[in-house]
Amino acid sequence: MSAAYRSPTYHELPAPEELDWRRHRPASYFEYRREWDRRGAAGDPGLFPLHLDIDPTNRCNLRCRMCPRTYYLERGLDHWAPAGPADMSMEMYGAVIAASAPRGLRSVKLNFLGEPLLHPDLPRMVGLAAGAGLWVMLNTNAVALTAELGRELLEAGLTDIFFSFDSPYREPYEAVRRGADYDRVLGNIAGFMETKDKLGLAGVQTRASMVLEENFDEHPDIKRDYIKLFRDLKVAEIGFGLPTVMGRDYEDLNAGVSFVCPDLFRRMFVFNDGVCGPCCGDWERRLVVGALPRDELAGVWTGPEYSRLRSAHLRGRFRGIPACRGCSVPYLATVSVE
């Protein structure tokens, strides 16, 4: 039951041969992934990000126990969403895609702090990106993944979908994914997989992943049963990730850790209101590097804020940046999820 390396904090079982979506992808996809790896390893940002994480909405239909969004809401904190719950406008989204695709952007993932399926124009968003020649991904809790919506997303050109499902068992799943119904969500995923197969879309990547509990090693049956559950649904890949414990200060744990964040050289985050950031864990917006429509993404990517961050990491001084010093990723990079 060996897992393939994806990142320091996330491992997954690769697809078995009969579910291997890679066999159905063109050479351009593998060129893109090689460049993704090269940029992170070489510390070379190029002139434009390879990938944008775009948050269509910061609204969500669940209050998941380990989610930063839940953590902030329960404490009445709003710095993660200063203007409150809202959707990205189609005008802003369309402008991002139109300005980015000609500059070397290769992929987008349509989520950050919200549940993307709640955006009323999500299939249209997928279609705009796919029509521009981009790989189009999203993470979802699948609560709102109706048969109709699933078909619309696939027909619009969705290429990768990642299901967040945090236990193979009903009771712990519903305790973590507060507000979700175990049977309904599994049914939604099963229906999506059936639609994908009926449409003959063997090149669409599917993945189910769960966050590991801190005592996970004491329960190997959880991993075994989780793998069986989703292999039976013909989900290609099964992932396991380490949790960021909200409220924990990782500064002391990062002492002595050597770390250069590869994402500084390949991806950028665009929040629902157009604010731009460099980090998947910067929920508090401490590392804002620009904002749309005031700034152009190309200028943000090569601008002074990004340059300062990259330089600090490359010189081994990430701890000089408070947000990076307190981040969970450097510490978790030294911990195995196997």
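This is a predicted model: local features need pLDDT of at least 70, side-chain atom pairs count only at pLDDT 80 or more; totals for chains, interfaces and linings use all residues.

Q: OK, secondary structure. How many helices and strands are there?
A: Twelve helices and eleven strands. The radius of gyration is 19 Å, close to the 20 Å from the globule rule for 338 residues, so the protein is as compact as a globular protein of that length.

Q: What box do the C-alpha atoms fill?
A: Roughly 50 × 45 × 40 Å, taken along the principal axes.

Q: What share of the contacts with a separation of 6 or more comes from residues 24 or more positions apart?
A: That share is 73%.

Q: Switching to charges: how far apart are the mean positions of the positive and negative ones?
A: They are 4 Å apart, with 42 positive and 46 negative charges in the protein.

Q: Now the rings. How many aromatic pairs does the count come to?
A: The count comes to 16 aromatic pairs. One of them is Tyr29 with Trp135, an edge-to-face pair at 5.0 Å centre to centre and 75° between the planes.

Q: Where do Tyr29 and Trp135 lie?
A: Tyr29 is in helix 1 (residues 27-42) and Trp135 is in strand 5 (residues 135-140), so the pair ties together parts 106 residues apart in sequence.

Q: Are Tyr29 and Trp135 buried or exposed?
A: Both Tyr29 and Trp135 are buried.

Q: Which residues form an aromatic cluster?
A: One cluster is formed by Phe165, Tyr173, Tyr182, Tyr226, Phe230 and Phe240.

Q: Last topic, Thr159. Where is its place?
A: Thr159 is in the loop between helix 5 (147-156) and strand 6 (160-164).

Q: Buried or exposed, that Thr159?
A: Its relative accessible area is 13%, and buried means under 20%, so Thr159 is buried.

Q: What does Thr159 touch, leaving out residues up to four places away in sequence?
A: Thr159 touches Arg25, Trp135, Val136, Gly203, Val204 and Gln205. Trp135 is also the ring partner of Tyr29.

Notes
Residues are numbered from 1 along each chain as its sequence is written. Side-chain values use heavy atoms; hydrogens and water are left out. Helices (H or I, at least four residues) and strands (E, at least two) are DSSP runs, numbered from the N terminus. The radius of gyration is taken over C-alpha atoms; the globule rule is 2.2 Å times the number of residues to the power 0.38. Contact means heavy atoms within 4.5 Å. Lys and Arg count as positive and Asp and Glu as negative; His and the chain ends are not counted. The place of a charge is taken as NZ of Lys, CZ of Arg, CG of Asp or CD of Glu. Rings of Phe, Tyr and Trp (its six-membered ring) pair if their centres lie within 6.5 Å; planes under 30 degrees apart count as stacked, over 60 as edge-to-face and the rest as tilted. Buried means under 20% relative accessible area, exposed over 50%, partly exposed in between (1.4 Å probe, protein chains only).
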